Amino acid sequence: MDVPADQSTRAVAQRPPPGTVRRARRRRPTGAAPPLPHHVQTSGVGWLIASVVLVALSAVVFARGLRGLAVDVTVADDAVVRWLAGLDAPGLVGGWRVLAAISSWWVLNGLLVGLLVALLVLRRFRHLIVLLILVQLMTLVVEAWVGPLAQRPRPFGVVIQAGWGGWALPPLQLTFFALGLVTVLYTLVPEGRWRNTGKWVATGLLALTALGRIALGADAPTDVLVAAAIGVTIPLVAFRLFAPNEVFPVTYRRGRAAHLDVGGARGMAIRQGLEDQLGLVVEDLKPFGLAGSAGSTPLRITVKGDPPSYLFGKLYAKGHLRADRWYKLGRELLYGRLEDEKPFNTVRRLVQQEDYALRLCRDAGLPVRRRTGSWSSHPNGSTCWSPSSSTARSSSARPRSTTRSSTTAWGSSAGCGIRGWRTATSSRPTCWSGTAGCC
């Protein structure tokens with residue numbers, strides 16, 4: 001509902017309409033872990049268990065060198081290596097060399113450089129940081145921990161015809177090749193059918209290059225198993241924990257990055273947060289006026305009640321914060337520093353700026369909606385700002401903006417004129433026409 005001009009200077013927040021279902025509020029922020037998912041999944045747990053078991057068995061068996069059970073395992077591995085090396089067919093050795101070259105250092109270095117360039121171009125900086133940490137961590141695990149602990153020799157009785165270096169268990173090249181394949185899947189391949197197909201392709205490539213290296217006498221079957229387990233498990237767990245697809249999706253669809261998906265896990269988090277922190281029971285949650293919003297995700301929230309009421313809010317995230325910083329940096333480079341071009345430090349500051357602009361509009365005598373409250377999924381994270389409540393239906397008018405602005409205030413159904421906006425904020429004029437409000 002609209003606020004009369006003579007009451008626009010009051011600082012009392014508007015209450016939801018009578019009949020709205022309310023729950024007891026909790027302290028904001030709640031202090032609980034972020035509601036967005038960070039899980040390893042069943043396959044990740046399986047790989048983790050297999051990796052730990054193989055590394056532990058390798059350490060137990062080969063820690064004392066070729067003694068006891070280590071002799072039996074070495075004899076079995078060498079028998080397999082000699083059998084493959086003894087196969088005789090025209091061009092077979094050349095084929096083994098081609099398969100072994102798949103995991104050569106030339107391929108590994110080219111794969112690493114290609115990944116770094118691709119992630120920089122696609123601006124997937126989270127995945128890039130995880131990759132750089134993984135390379136250092138994998139080097140530490142293979143060369144400083146597992147290798148010296150499990151002192152394993154190269155296969156006996158065959159001529160080594162492939163490049164090799166470092167410890168025999170685990171093989172350094174196969175370990176980093178598995179790392180590169182998993183990284184490609186979780187940074188460049190979208191989740192779903194394409195990634196599932198890519199997993200089979202990666203498994204085939206790893207198996208073929210391992211077969212070539214075993215046939216050329218560079219590695220033993222046990223060494224290959226341990227290398228595959230370590231090379232797959234560590235990046236798999238790292239990407240699922242620190243760059244989960246639900247939060248940092250790998251997608252190539254075109255669209256506005258400012259418009260966040262409010263379904264799935266994020267939608268559940270918004271509903272739970274509004275109930276816990278504002279005491280509101282949400283029945284429905286839909287995007288609203290996306291065509292005219294370039295710096296946030298406007299929402300039309302249906303609150304349970306008799307009759308149901310509606311909240312018009314905005315969803316902000318760290319992506320909007322980064323976009324605001326780049327935008328203000330560009331304006332500063334083009335025109336010099338303007339009066340309000342100081343970048344925001346947190347998402348919460350964006351919401352506070354919204355409240356400030358709304359208060360200025362109200363003090364200037366403009367009929368504006370009052371603020372209901374704000375919800376935060378976790379400190380300095382995603383924030384949903386609910387500035388007003390109304391029982392009227394939302395307008396279908398298409399928003400139109402004259403210039404981009406980093407502040408947002410929702411106006412009355414009569415709109416907010418440019419002259420009134422200038423008077424209220426003394427800043428760049430931006431207005432939505434019709435009944436959509438002012439932004």
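This is a predicted model: local features need pLDDT of at least 70, side-chain atom pairs count only at pLDDT 80 or more; totals for chains, interfaces and linings use all residues.
A second salt bridge joins D223 to R152, with the closest N and O atoms 2.9 Å apart. D223 belongs to helix α8, residues 221–242, and R152 to the loop between α5 (125–149) and α6 (172–188), so this pair ties together parts that are 71 residues apart in sequence. D223 is buried, with a relative accessible area of 1%, and R152 is buried as well, with a relative accessible area of 7%. D223 and R152 also take part, with D77, in a network of salt bridges. The count for the model comes to 6 salt bridges.

Let me turn to the strands. Strand β2, residues 297–303, has 7 of its 7 residues buried, so it is largely enclosed by the rest of the structure. From β2, T297, L299, I301 and V303 point one way, whereas P298, R300 and T302 point the other way, and all of these are buried.

Which strands pair with β2 in the antiparallel sense? One is strand β1, residues 282–287, which is joined to β2 by 5 bridges and runs antiparallel to it; here K286 stands opposite R300 in β2. Another is strand β3, residues 309–316, which pairs with β2 over 7 bridges, again in the antiparallel sense, and in β3 the bridge partner of L299 is G313. β2 and β3 form a hairpin, with 5 residues between them.

K286 also forms a salt bridge with D284, where the closest N and O atoms are 3.7 Å apart. K286 counts as partly exposed, at 46% relative accessibility, and D284 likewise counts as partly exposed, at 26%.

Finally, the surface. R126, K318, R322 and R325 gather there in a patch of positive charge. Which helix gives the most to the positive patch? That is helix α10, residues 318–335, which gives 3 residues. R325 lies in helix α10, and at 36% relative accessibility R325 counts as partly exposed.

Technical notes. Residues are numbered from 1 along each chain as its sequence is written. Side-chain values use heavy atoms; hydrogens and water are left out. Patches are made of residues with over 30% relative accessible area and no salt bridge: like charges are joined within 9 Å, nonpolar side chains (Val, Leu, Ile, Met, Phe, Trp, Tyr) within 5 Å. Accessible areas come from the Shrake-Rupley method with a 1.4 Å probe; for residues, only the protein chains shown count as cover. A salt bridge is a side-chain nitrogen of Lys or Arg within 4 Å of a carboxyl oxygen of Asp or Glu. Lys and Arg count as positive and Asp and Glu as negative; His and the chain ends are not counted. The place of a charge is taken as NZ of Lys, CZ of Arg, CG of Asp or CD of Glu. Helices (H or I, at least four residues) and strands (E, at least two) are DSSP runs, numbered from the N terminus. Buried means under 20% relative accessible area, exposed over 50%, partly exposed in between (1.4 Å probe, protein chains only). Two strands pair if DSSP finds at least two bridges between them.
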